[in-house]
Amino acid sequence: MTRESGSDLFERIRFRGRPVANPESVVVDGNVRFTILTPRLIRLEWSETGAFEDRGSYAFPTRHAAALPFAVAREGGVLVVDTGALTLRYVRDSGKFTGENLSIRFEFEGRSVTWVPGMPNPGNLRGTRRTLDGCEGDAALDEGLLSREGWSLFDDSGSVLFDPGDGWVAPPREHDLQDWYFFAYGHDYKGALAEYARFGGPLPLIPRYVLGTWWSRYWAYSEQDLKDLVGEFESNDVPLDVLVVDMDWHTPHS
């Protein structure tokens with residue numbers, strides 16, 4: 001099926017948002033760009049070519065927001081951006097973000113904390129995991145947006161992008177870049193999630209049926225196999241709310 005032949009479907013599932021940030025919230029200096037999304041949330045970009053990314057991604061389909069007050073200074077070869085809650089310092093024209101050329105300072109539990117790239121985040125409360133394939137026993141979760149350390153970093157550098165014209169998947173970026181989002185919400189977890197939802201999109205309530213019984217198995221079922229399976233649930237008076245035909249809806253050889 002092409003986009004043209006399934007236009008109604010693609011219109012329903014297309015990715016929507018306002019990915020281009022408010023120009024009044026953006027600071028560009030050579031090959032870096034910083035976007036102040038909120039006083040406690042900053043987008044940090046370094047681009048090999050100086051071309052920055054304005055297409056939406058899964059995590060950030062929207063980056064547009066009302067401009068906020070912040071201060072910018074260039075002091076002895078260092079770019080300083082102060083949002084009131086965060087103070088970012090970057091050594092100008094020093095290349096990719098590293099622990100030597102970038103830092104962000106903020107107040108947390110009555111003390112000053114300075115974050116630098118590569119800093120461990122042992123208090124991260126974790127998020128989700130893409131798959132359990134190949135897992136035996138405990139499986140580690142990826143880092144999430146909330147942390148007892150008061151900060152978190154989301155790396156959006158390799159994410160899928162969406163064409164702003166039709167909302168469909170766009171070609172990947174061809175040059176080297178870093179595309180990060182730095183969150184510093186302390187223990188204000190509700191505030192962090194609420195402010196992220198402004199950019200990540202609203203989260204609908206789940207339908208009741210997803211709280212019921214699921215069946216999913218990576219298996220080469222035939223049509224009769226599935227009929228027999230559903231029949232067994234029925235004959236044993238076990239409700240079946242969701243039946244997942246797992247991987248066989250597509251070919252793994254394309």
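Predicted model: local features only at pLDDT ≥ 70, side-chain atom pairs only at ≥ 80, totals over all residues.
**Exercise 1. State which residue forms a salt bridge with Asp29, and classify both partners by accessibility.**

Solution. Step 1: the partner of Asp29 is Arg92, with 3.1 Å between the closest N and O atoms. This pair links distant parts of the chain: Asp29 belongs to strand 1 (residues 26-29), whereas Arg92 lies in the loop between strand 7 (86-91) and strand 8 (102-108), 63 residues apart.

Step 1: Asp29 has a relative accessible area of 5% and is therefore buried, because buried means under 20%. Arg92, at 33% relative accessibility, counts as partly exposed.

**Exercise 2. Describe the salt bridge between Glu75 and Arg89, and give the count of salt bridges in the model.**

Solution. Step 1: the side chains of Glu75 and Arg89 meet at 3.9 Å, N to O, and the cut-off for a salt bridge is 4 Å. Glu75 is in strand 5 and Arg89 in strand 7, 14 residues apart.

Step 1: Glu75 is partly exposed, with a relative accessible area of 43%; Arg89 is also partly exposed, at 37%.

Step 2: under this cut-off, the count comes to 14 salt bridges.

**Exercise 3. Identify the buried and exposed residues of helix 3, and explain why the buried ones lie on the same side.**

Solution. Step 1: helix 3 (residues 223-235) has 13 residues and reaches 18 Å from its first C-alpha to its last, close to the 18 Å expected at 1.5 Å a residue.

Step 1: Leu226, Leu229 and Phe233 are the buried residues of helix 3. These residues are on the same side of helix 3 because they cover an arc of only 60° around the axis.

Step 2: strand 13 (214-216) and strand 14 (242-244) are among the elements covering the buried residues. The face turned away from the buried side carries the exposed residues Glu223, Glu234 and Ser235.

Step 3: just after helix 3, Asp237 takes a positive phi of about 55°.

Conventions
Residues numbered from 1 in each chain as written. Heavy atoms only, no water. Helix = DSSP H or I, 4+ residues; strand = E, 2+ residues; numbered from the N terminus. Expected span 1.5 Å × (residues − 1). Buried < 20%, exposed > 50% of the residue type's maximum accessible area, 1.4 Å probe, protein only. Arc of directions from axis to C-beta. Contact = heavy atoms within 4.5 Å.
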